[in-house]
Amino acid sequence: SSLVGPKGRVYSFEPFPEISEKLRKNVESNKINNIEILNYAVSNKTGKLKFSNSNDLSGNTYITSSPLYENPDKSIIEVSSVHLDRLLENDCIKPPQLIKIVVEGAEHDTLIGSEMLISQYKPIIIISTHDFHKEGISAKCLNTLSEWGYNTNRFHVNTTVSNNNNNININNINNTNKSPKKIIPGKTLS
């Protein structure tokens, strides 16, 4: 949030009440005033969505064909959903300069629900996508972004997450395009 400055806004969408509350407490305890936490899933629809609800909390999804969703050991939680185009139309958010999408299989739905915003304001988009929850979703997202005039760079990232001081150690990053990016394998992010 320091990069957008005191007059900028960061909108953080988190549908799970438990995670949203932890985020809210973190923002308050750090006295950050330019982050707005919105307790919604971002999709291509406004309404209610049923999500898998595992104790892990890191890979829950509303993609019913996902192996995670189908796991009988997991419960289901109903959350509110919005799409960014509607929020922008209703002046609930300002046009973003950057959008980061990490939505566990719903990446394409999120893009489609943001199509007007993206076409009008052309924000930088960082999207974390994989085919675990929905086969072919990564290619579909990249194709959509290309059709909308975006140049895309695809990275394969293998990560090892350590509970030691909550660091994430990136062991291996491979850019599948010819244009190299400045990324340092083995760098510890904290």
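**Briefing: surface, cores and Leu-38**

The chain exposes about 12,100 Å², and carbon and sulfur atoms supply 49% of that area. The model is a predicted one. Of the chain's 190 residues, 33% count as buried. The chain contains 6 helices and 10 strands.

**Contacts along the chain**

- Among contacts between residues at least 6 apart in sequence, 59% join residues at least 24 apart.

**Nonpolar cores**

- The largest nonpolar core has 17 residues.
- Leu-84, Leu-111, Leu-117, Ile-118 and Ile-125 are the residues with the most contacts inside this core.
- Two or more residues of this core come from each of helix 3 (84-89), strand 6 (98-102), helix 5 (115-121) and helix 6 (137-147).
- A second, separate core has 5 residues, including Phe-16, Leu-49, Phe-51 and Val-79.
- Not counting residues up to four places away in sequence, Ile-125 touches Ile-99, Ile-101, Leu-111, Ile-118, Leu-145 and Tyr-150.

**Leu-38**

- Leu-38 lies in strand 2, which covers residues 35-38.
- The relative accessible area of Leu-38 is 15%, and buried means under 20%, so Leu-38 counts as buried.
- With neighbours within four places in sequence left aside, Leu-38 is in contact with Tyr-11, Ser-12, Phe-13 and Glu-14.
- Val-82 is 44 residues from Leu-38 along the chain, and the C-alpha atoms of the two are separated by 9.9 Å.

Key:
Residues are numbered from 1 along each chain as its sequence is written. This is a predicted model: local features need pLDDT of at least 70, side-chain atom pairs count only at pLDDT 80 or more; totals for chains, interfaces and linings use all residues. Side-chain values use heavy atoms; hydrogens and water are left out. A nonpolar core is a set of buried Ala, Val, Leu, Ile, Met, Phe, Trp, Tyr and Cys residues joined through side-chain atoms within 4.5 Å. Buried means under 20% relative accessible area, exposed over 50%, partly exposed in between (1.4 Å probe, protein chains only). Helices (H or I, at least four residues) and strands (E, at least two) are DSSP runs, numbered from the N terminus. Contact means heavy atoms within 4.5 Å. Accessible areas come from the Shrake-Rupley method with a 1.4 Å probe; for residues, only the protein chains shown count as cover.
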